[in-house]
Amino acid sequence: MIATSEDEADVAVAGGAGTLSLVPMLVIGRSGDGRVVEAGVGTSLMEEIRAAGFLELRAICNGCCSCATCHVQVGGEAAGRLPPMGEEERELLAESENRTARSRLSCQITVTQEMAGLTVTVAPED
Amino acid sequence: MQDYDVLIVGGGHAGAQTAVALRQRGYEGSVAIVCEEAAPPYERPPLSKEYLSGDRSADDILIRPPAFWAQAGIDLHTGRRAVAVEADARRVTLGDGATVGYRHLVWAAGGAPRRLTCAGHALAGVHSVRTREDVDRMRAELASVDRVVVIGGGYIGLEAAAALAKAGKRVTVVEALPRVLARVAGEILSRFYEAEHRAHGVEVRLDTAVECIEGSGGRAAGVRLHGGELLPCEMVIVGIGIVPAVRPLRDAGAGGDNGVDVDEHCRTDLPGVFAIGDCAAHVNRYAGGARVRLESVQNANDQAAVVAHALTGSPKPYDAVPWFWSFQYDLRLQTVGLSTGHDEVVVRGEVASRRFSLVYLKEGRIVALDCVNTVKDFAQGKALILRDDIPREVLADSSRPLKQAVPAAV
Ligand SMILES: Cc1cc2nc3c(=O)[nH]c(=O)nc-3n(C[C@H](O)[C@H](O)[C@H](O)COP(=O)(O)OP(=O)(O)OC[C@H]3O[C@@H](n4cnc5c(N)ncnc54)[C@H](O)[C@@H]3O)c2cc1C
Ligand code: FES
């Protein structure tokens, strides 16, 4: 979180009030179907994936960090630029049967400009 | 209105998720949601939390963006109420007289807030917290409110008290029972939350019954307690539970005395009619096999999935571990399992540190965990529910992860 606060501030300035900068990322659903999604800076990655029509991302708790049904695997160069996991995200993910080194909870990620080119794969259901 | 293959009554968590899950599972029939509320499906938990405090907007709490529903081929009929069900004719009548035929009906109507019956219950300034409109009305009044009385010390009342105390209001919580959260948690948690609220300036009155609401000029001016004392206030919030919204189903002959009874596939005893979410009384093995209604987002979502499975040819009985959360001040409570009827509690960690878990047992079996600011215990605790082979000293030792307590190769 702290590591990216400066970047987020930059993005906010770049975007300007009222305008929404869009960041392209590749989202891959559970059936292997991939699509480029233009995610809005400052929005939740989970909401962007769902809004793009990936119905399998259940995200039951709607971002309360309680359900882990927003589990995704991130890839591509941009994955290295994601903000580190918070304690709660790490602890919740740790119990997922499908956890890998690339696992994240998409509801805990706020989209920033740095995420352009990110690959996001919806994780299998636990 | 046209007929539908699947007609869903209620566009809350359960109804909305049924439609989404059907499409996700490739269901190609026609699907509609009829919902009394004007707004497209939105999340209810923030109503007593971030939406009340103003930290999240109406758009922020939508379950899906407004354009989603049409894109997914789901017809949303908002602002319309189902008033009658004819089970044999497979037809629903709406409040405006229109009729809608269906092949499958999914009743997901939740519940209406239980109202006070005493004098003054309908005065302006008396609110319940169930719909976005309820909270919009509260928020419109807040600027001219200094003192608030919350009647009912359940989760919703306490969350509202926390949000309003943080906004600088002088809040009193009135609870009829000897402790808050009496129906849903053990005494340790009740006492902890009472102390937290008091530390945040909230007055907590236990064992206290309400006589009536006093008004002045048509507006609530105070809450009169049993025994005569008056608590002057400008706003009253009533959080005393819900009455399941099942009247049309009951009139059509569906069984049940607390909501509507359903089987393990969420089927009522009316042909082609399912019931899910807050209004569905089901036999739950996490409640020791008792028939219960659960009022939680987990239950609404997982029962929606059960219906979607049943309607897409791969029935899967409902058997999900219950879980729930509540946020008050900087306290994140996460609960897994159902603590009702527990006969033993093990405390993990120091309650005073505001980071601890309570493990509830019944006849030696772990039935639930209440985890305060301990996501790790919440996440790991799920695997412990209904186990009877975990040593107490491991449960009590917060330096040892709960995971280690589970014997390997299960
Ligand atoms: C303030 C508040 C805070 C909460 N916090 C949490 C929490 O933190 N965590 C958690 O897990 N749970 C929480 N809950 C509980 C959770 O929101 C409910 O369990 C969940 O909303 C139940 O979903 P449902 O679809 O069964 O009912 P609802 O969400 O109530 O939806 C039912 C819908 O049906 C409509 N309807 C009713 N009758 C008819 C009719 N005859 N015709 C057409 N439409 C009708 C209603 O207007 C409503 O829109 C909270 C609830 C409230 C009110
Ligand atoms: S949506 Fe529940 S943890 Fe992300």
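Predicted model: local features only at pLDDT ≥ 70, side-chain atom pairs only at ≥ 80, totals over all residues.

User: Let's start with charges. What is the general idea, and how many salt bridges does the structure hold?

Analyst: Side chains of opposite charge can pair when their charged atoms come close. Over all chains, the structure holds 37 salt bridges.

User: Where do Asp302(B) and Arg58(A) lie?

Analyst: Asp302(B) is in helix H8 (residues 297-311) of chain B, while Arg58(A) is in the loop between helix H2 (45-51) and strand E3 (71-75) of chain A, so this pair joins two chains.

User: And are Asp302(B) and Arg58(A) buried or exposed?

Analyst: Both Asp302(B) and Arg58(A) are buried. They also belong to a network of salt bridges that links Arg30(A), Arg58(A), Glu125(A) and Asp302(B).

User: Which residue does Asp261(B) meet in a salt bridge?

Analyst: Its partner is Arg291(B), at 3.8 Å from N to O. This pair links distant parts of the chain: Asp261(B) sits in strand E17 (residues 260-261) of chain B and Arg291(B) in strand E20 (residues 290-292) of chain B, 30 residues apart.

User: How do I decide what to call Asp261(B), with its 25% relative accessibility?

Analyst: Use the cut-offs: buried is under 20% and exposed is over 50%, with partly exposed in between. Asp261(B) has 25% relative accessibility, so it counts as partly exposed. Arg291(B) is partly exposed too, because its relative accessible area is 42%.

Glu295(B) forms a salt bridge with Arg293(B), and the closest N and O atoms are 3.1 Å apart. Glu295(B) is partly exposed at 38%, but Arg293(B) counts as buried because its relative accessibility is 17%.

User: On to the ligand. How many residues surround ligand 1, and which are the closest?

Analyst: The idea is to list the neighbours, then look at individual contacts. Ligand 1 is surrounded by 32 residues, the closest being Glu37(B), Arg44(B), Lys49(B), Arg130(B) and Asp278(B). Glu37(B) has a polar side-chain atom 2.6 Å from an oxygen atom of ligand 1. For Lys49(B), a polar side-chain atom is likewise 2.6 Å from an oxygen atom of the ligand, and for Arg44(B) the distance is 2.7 Å. On its own, ligand 1 has 990 Å² of accessible area, and the protein covers 96% of it.

User: How do the residues of the shell around ligand 1 divide?

Analyst: There are 15 nonpolar, 8 polar and 9 charged residues in that shell. In chain B, helix H1 (13-24), strand E2 (31-35), H8 and strand E21 (323-328) each supply at least two of the shell residues.

User: What is the domain assignment of chain B?

Analyst: Chain B is assigned domain 1 (4-112 + 242-311), domain 2 (115-238) and domain 3 (330-409). Domains 1 and 2 of chain B both give residues to the shell around ligand 1, so the ligand lies between them. As for domain 1 and domain 3 of chain B, their C-alpha centres lie 32 Å apart.

User: Last one: what does the secondary structure of chain A come to?

Analyst: Chain A has 3 helices and 5 strands. Reading from the N terminus, the order is α-β-β-α-β-α-β-β. Of the 126 residues in chain A, 48% are buried.

Technical notes. Residues numbered from 1 in each chain as written. Chains lettered and ligands numbered in written order. Heavy atoms only, no water. Salt bridge = Lys/Arg side-chain N within 4 Å of Asp/Glu carboxyl O. Helix = DSSP H or I, 4+ residues; strand = E, 2+ residues; numbered from the N terminus. Buried < 20%, exposed > 50% of the residue type's maximum accessible area, 1.4 Å probe, protein only. Near = heavy atom within 4 Å. Polar contact = N/O pair within 3.5 Å; in protein donor to acceptor, adjacent residues only side chain to side chain. Areas by Shrake-Rupley, 256 points an atom, 1.4 Å probe, with all protein chains shown as cover. Nonpolar A, V, L, I, M, F, W, Y, C, P; charged D, E, K, R; others polar. Domains from an automatic or database assignment.
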